[in-house]
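This report describes a protein from its fold to selected side chains. Please keep the sequence and the model in view while reading.

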Amino acid sequence: MTDTTTIVPEIAGYKAGTWTLDAAHSDVQFTVRHMMISKVRGTFGVKSATIIAPENPLDAKIEATVDVASVNTRDEGRDAHLRSGDFFDAETYPTMEFHSTGVRLEGKKFLVDGDLSLHGVTKPVTFDVDFGGFGQDPFGNYKAGATATAVINREDFGLTWNAALETGGVLVGKDVTIELDLQGSLQQD
């Protein structure tokens, strides 16, 4: 006999509804190996993000858009190179987009599966989500916070530019860690 019981995880403070990103309190960060010996960190500006959260959080739908031209690694020359055709080609592909395809619970860990579109290529990606919590701000807005992390291979998205080093290895690593620090607001009816 098959168990058809739907699992509804309990999340303290969770409320169903439509949540929108609070861009002033959210960041999209990335980290990639540089020269095989250190890491470069950078950020992107989020254009929009919406979460449709039904009664069961496992049925949530998430859509987000990031402005690729907003890349900031604290080095204007490097940022211009990242915007160029060698990397993001921001004029041709101005956004990075994520559309969830499912939310699942593995033990106590929430995973959000979805399609990431970057540089004209769409690939499946899974984010490991850590809820920070929920609460009312001093202005009457109900807020939620979470951190989500995923690792992608940049070459899978056509971002293949690199340079060989005299000492061996390459200038830019393949694996890129994406970390989202997000705060959202529950929309009032």
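## Overall architecture

Read from the N terminus on, the elements follow the order β-β-β-β-α-β-β-β-β-β. Taken along the principal axes, the C-alpha atoms fill a box of roughly 60 × 50 × 30 Å.

The model is a predicted one, in which local features need pLDDT of at least 70 and side-chain atom pairs count only at pLDDT 80 or more, whereas totals for chains, interfaces and linings use all residues. Residues are numbered from 1 along each chain as its sequence is written, and side-chain values use heavy atoms, with hydrogens and water left out.

## Burial, surface and contacts

Of the 189 residues of the protein, 34% count as buried; buried means under 20% relative accessible area, exposed over 50%, and partly exposed in between (1.4 Å probe, protein chains only). The protein exposes about 11,100 Å², of which carbon and sulfur atoms supply 51%, the areas coming from the Shrake-Rupley method with a 1.4 Å probe and, for residues, with only the protein chains shown counting as cover. Among the contacts with a separation of 6 or more, 57% come from residues 24 or more positions apart, contact meaning heavy atoms within 4.5 Å.

Ala 53 belongs to strand S3 (residues 38–53) and is buried, with a relative accessible area of 7%. Apart from its neighbours within four places in sequence, Ala 53 is in contact with Tyr 14, Lys 15, Ala 16, Gly 17, Trp 19 and Ala 60. Val 125 is 72 residues from Ala 53 along the chain, and the C-alpha atoms of these two residues are separated by 20 Å.

## Charges and salt bridges

The mean positions of the 16 positive and 28 negative charges are 5 Å apart; Lys and Arg count as positive and Asp and Glu as negative, while His and the chain ends are not counted, and the place of a charge is taken as NZ of Lys, CZ of Arg, CG of Asp or CD of Glu. Arg 33, Lys 39, Arg 41 and Arg 74 form a positive surface patch, patches being made of residues with over 30% relative accessible area and no salt bridge, with like charges joined within 9 Å and nonpolar side chains (Val, Leu, Ile, Met, Phe, Trp, Tyr) within 5 Å.

The structure holds six salt bridges, each a side-chain nitrogen of Lys or Arg within 4 Å of a carboxyl oxygen of Asp or Glu. One of them joins Glu 155 to Lys 174 (3.7 Å, N to O); Glu 155 lies in the loop between strand S8 (142–153) and strand S9 (172–186) and Lys 174 in strand S9, so this pair ties together parts that are 19 residues apart in sequence. Salt bridges with shared partners also join Arg 104, Glu 106 and Asp 113 into one network: Arg 104 meets Glu 106 at 2.5 Å, N to O, and Asp 113 at 2.6 Å, N to O. Arg 104 is partly exposed at 29% relative accessible area, whereas Asp 113, at 18%, counts as buried.

## Residues with positive phi

Most residues other than glycine have a negative phi. Arg 74, found in the loop between strand S4 (61–72) and helix H1 (76–83), has a positive phi near 70 degrees and counts as exposed at 76% relative accessibility. Asp 89, in the loop between H1 and strand S5 (95–106), has a positive phi of about 50 degrees and is partly exposed, with a relative accessible area of 22%.

Technical notes: Helix = DSSP H or I, 4+ residues; strand = E, 2+ residues; numbered from the N terminus.
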